[in-house]
Structures are given as structure tokens and as C-alpha cells.
Amino acid sequence: MVRLNKIYTRTGDDGTTGLGTGERVPKYSLRVEAYGTVDETNAAIGLARLHTGGAHPLVDEMLGRIQNDLFDLGADLCAPDTGKPLGYEPLRIIDAQVVRIEGEIDQLNAELAPLRTFVLPGGSPAAAALHLARTICRRAERLIVHLSQTPGEIVGGPALRYVNRLSDFLFVASRFVNDKGAGDVLWVPGKNR
């Protein structure tokens, strides 16, 4: 159980932060950038939920689960599996979370017409907010992949798969809340030449 009695600790005043392993790293480290961008994705989803709560309860319920998963993902990234005992069982993204989000993508996508061109971010406020969350998620994914390919750094396979599926979910959800795709703003190649 997390318990926060005091919000400021002053331990980061030197420009470092503590990982779940106890190791201190610079606040600009790739690992901190990765889980910080996961947190940014979560905040963007929170803003999107301001538009999905009443109008799109199915999507809103899914987004609520995803927000919780994103804290799991942040915890996973914050405590890399170094093989050394930590004194506690670290939280990890598991395959069941990936399978669940795949099922939710399929559920929403089943009601959408196939795309014949790319979709521009926009349409309804909910769709625009979900597109913004999607682009932040893609940045998080790029950072997590970079981290996973950095010598000496460890990222679990389920974490990589989850963040990849999440951006797909956010795209499909944006179309779903855009009147099931009828409100999508479609890209017209070369329209303004």
C-alpha cells in the first residue's frame, strides 16, 4: 500500500530521483523520461475522460481501467528487474492486461467502418482529446523501446506490448466517440496544393 504523508522530501534537490530499486538516477535519465511520459499519457487520458464520462460510458469505463494500468506500467518501469532482491514484490504489467486491452480494441472496432484514408485528429472534443493522448502514448512507447534496447537496461515484454496496444486502443476509441467514425475528419492527400 502506498502511503504519502509528506509530498516534498528534498531528496531530488540535487537533480536525482530514486527508482523502486533504491538506486538514484538523474531526473533526465531515459528510464525517468519513459515512465514520466507514461504519467503524461495518463494525465491526457484524464482530460479526455472529461468528455467521455456521460456521453460514452463504455469507453469511459475502459479508460478508467487503463488509467489504473498506467500506474502499474509506471511502477514496472520504475523498478527494473535486475535479478537482485528488492525486499518487496515489484508490480509488473502482465499478459492478461495486454489481452484485456486487445479485447476492448476488438469490441470497439467491430462497430466501426473500415478506413480508406488516414484520420486527422479532431471531430468531437472527446475524439480530439483521445488523439492527443494517443500521440503522447506513442512518444512514451518510443522512449520505452529505446530504453529496452539500451545496454544494461531491462524492460519486460508485457510492458512493451501493453504500451503498443494502448496507442491502438486510443485511436479506435477516438473513432468510436466520433459517432462511430461518422464524425471522423479524413485526410485528403494534396488537398491544398
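Student: In the protein chain, what share of contacts between residues at least 6 apart in sequence join residues at least 24 apart?
Tutor: The model is a predicted one. Contacts are counted here between residues at least 6 apart in sequence, and the share asked for is the part that joins residues at least 24 apart. In the protein chain that share is 73%.

Student: In what order do the elements of the protein chain run from the N terminus on?
Tutor: The chain holds 5 helices and 4 strands. Its C-alpha trace spans about 50 × 40 × 30 Å along the principal axes. From the N terminus on, the order is β-β-α-α-α-β-α-α-β.

Student: How many of the residues in the largest nonpolar core come from α4?
Tutor: The largest nonpolar core has 45 residues, and those with the most contacts inside it are I66, L73, L166, F169 and L170. The elements that give two or more residues to this core are α1 (30-52), α2 (57-78), α3 (95-109), α4 (125-148) and α5 (157-177). The largest share comes from α4, and that share is 11 residues.

Student: Which residues does L170 contact, leaving aside its neighbours within four places in sequence?
Tutor: L170 is among the residues with the most contacts inside the largest nonpolar core. In soluble globular proteins, nonpolar side chains tend to be buried together. With neighbours within four places in sequence left aside, the contacts of L170 are I45, L63, L130, A133, R134 and C137.

Student: Is L70 buried or exposed?
Tutor: L70 lies in helix α2. Away from its neighbours within four places in sequence, L70 touches V38, T41, N42, I45, Y162 and L166. Its relative accessible area is 4%, and a residue under 20% counts as buried. L70 is therefore buried.

Student: How far apart in space are L70 and I93, C-alpha to C-alpha?
Tutor: L70 belongs to helix α2. In sequence, L70 and I93 are 23 residues apart. In space, C-alpha to C-alpha, the distance between L70 and I93 is 9.1 Å.

Student: Are α1 and α2 roughly parallel or roughly antiparallel?
Tutor: Two packed helices are described by the angle between their axes and the distance between the axes. For α1 and α2 the angle is about 165 degrees and the axes are 9 Å apart. An angle over 145 degrees counts as roughly antiparallel, so α1 and α2 are roughly antiparallel.

Student: How many nonpolar residues are in the contact of α1 with α2?
Tutor: The crossing of α1 and α2 is left-handed. The residues of their contact include 7 polar and 3 charged ones. The number of nonpolar residues is 13.

Student: What is the orientation of α2 and α3 to each other?
Tutor: Helices α2 and α3 pack with their axes 12 Å apart, at an angle of about 155 degrees. Their crossing is left-handed. The angle is over 145 degrees, and therefore α2 and α3 are roughly antiparallel.

Student: Which residues of α3 meet α2?
Tutor: The residues of the contact of α2 with α3 divide into 6 nonpolar, 2 polar and 5 charged. On the α2 side, the residues are L58, V59, M62, R65, I66, D69 and D72. On the α3 side, they are Q97, R100, I101, E104, Q107 and L108.

Student: How many charged residues are in the contact of α4 with α5?
Tutor: The axes of α4 and α5 come within 9 Å and cross at roughly 165 degrees. That makes α4 roughly antiparallel to α5. Of the residues in their contact, 15 are nonpolar and 5 polar, while the number of charged residues is 4.

Student: What is the distance in space between G157 and D95, C-alpha to C-alpha?
Tutor: G157 is in helix α5 and is partly exposed, with a relative accessible area of 27%. G157 and D95 are 62 residues apart in sequence. Their C-alpha to C-alpha distance is 8.7 Å.

Student: What is the phi of D179?
Tutor: D179 sits in the loop between α5 and β4 (185-186). D179 is exposed, with a relative accessible area of 57%. Its phi is positive in a residue other than glycine, near 55 degrees.

Student: What is the relative accessible area of K180?
Tutor: K180 is placed in the loop between α5 and β4. K180 is not a glycine, yet it has a positive phi of about 55 degrees. K180 is partly exposed, and its relative accessible area is 39%.

Note on methods:
Residues are numbered from 1 along each chain as its sequence is written. This is a predicted model: local features need pLDDT of at least 70, side-chain atom pairs count only at pLDDT 80 or more; totals for chains, interfaces and linings use all residues. Side-chain values use heavy atoms; hydrogens and water are left out. A nonpolar core is a set of buried Ala, Val, Leu, Ile, Met, Phe, Trp, Tyr and Cys residues joined through side-chain atoms within 4.5 Å. Buried means under 20% relative accessible area, exposed over 50%, partly exposed in between (1.4 Å probe, protein chains only). Contact means heavy atoms within 4.5 Å. Axes are lines fitted to C-alpha atoms, for helices over the stretch in contact, and angles run from 0 to 180 degrees between N-to-C directions. Angles under 35 degrees count as roughly parallel, over 145 as roughly antiparallel, 65 to 115 as roughly perpendicular and the rest as oblique. A crossing is left-handed if the near helix is turned anticlockwise from the far one by less than a right angle, and right-handed if clockwise. Ala, Val, Leu, Ile, Met, Phe, Trp, Tyr, Cys and Pro count as nonpolar, Asp, Glu, Lys and Arg as charged, and the others, Gly among them, as polar.
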